[in-house]
Amino acid sequence: MPRQKTEAMVYRSLYQLAVEKKRLQEELDSLGQRFQTITQRLEQIETQIQGLETDVKQIAQPKPPTSQLTQSLTPPPTSIPPKPGSVSTFTLEY
């Protein structure tokens, strides 16, 4: 036979339901904030993807050679020619 309902059992059930309701409301708030954070990050990623795709298109387009580019490819003249038999040394640090 089931127990008879008492006033204490009803108050206990009310308390349990109130606690669960509060917990679920807090969880829902947390999920709402997480949803906003994820949405903002997805928008940032989409913006970065579009920027990189634009960069790729610009890089892929052939550019005509300019006189400045041609000038930068020619080596600068050396001011002092090396003496025959001389050795240049340098130190390499790592």
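**Notes on the predicted helical chain**

1. Ile 38, Leu 42, Ile 45 and Ile 49 make up a nonpolar surface patch, together about 310 Å² of accessible area. For patches, residues need over 30% relative accessible area and no salt bridge, with like charges joined within 9 Å and nonpolar side chains (Val, Leu, Ile, Met, Phe, Trp, Tyr) within 5 Å. Areas are Shrake-Rupley values with a 1.4 Å probe, and for residues only the protein chains shown count as cover.

2. A word on the basis: this is a predicted model, where local features need pLDDT of at least 70, side-chain atom pairs count only at pLDDT 80 or more, and totals for chains, interfaces and linings use all residues. Residues are numbered from 1 along each chain as its sequence is written, and side-chain values use heavy atoms, leaving out hydrogens and water.

3. Leu 42 sits in helix α1, residues 7-60. Leu 42 counts as exposed because its relative accessibility is 53% (buried is under 20%, exposed over 50%, partly exposed in between; 1.4 Å probe, protein chains only).

4. Arg 23 and Glu 27 are the partners, at 3.5 Å, N to O. Both belong to helix α1, four residues apart, or about one turn of the helix. Arg 23 is partly exposed at 43%, and Glu 27 is also partly exposed, at 40%.

5. Overall, the chain has two helices and zero strands (DSSP runs numbered from the N terminus: H or I of at least four residues, E of at least two). Of its 94 residues, 0% count as buried.

Conventions. A salt bridge is a side-chain nitrogen of Lys or Arg within 4 Å of a carboxyl oxygen of Asp or Glu.
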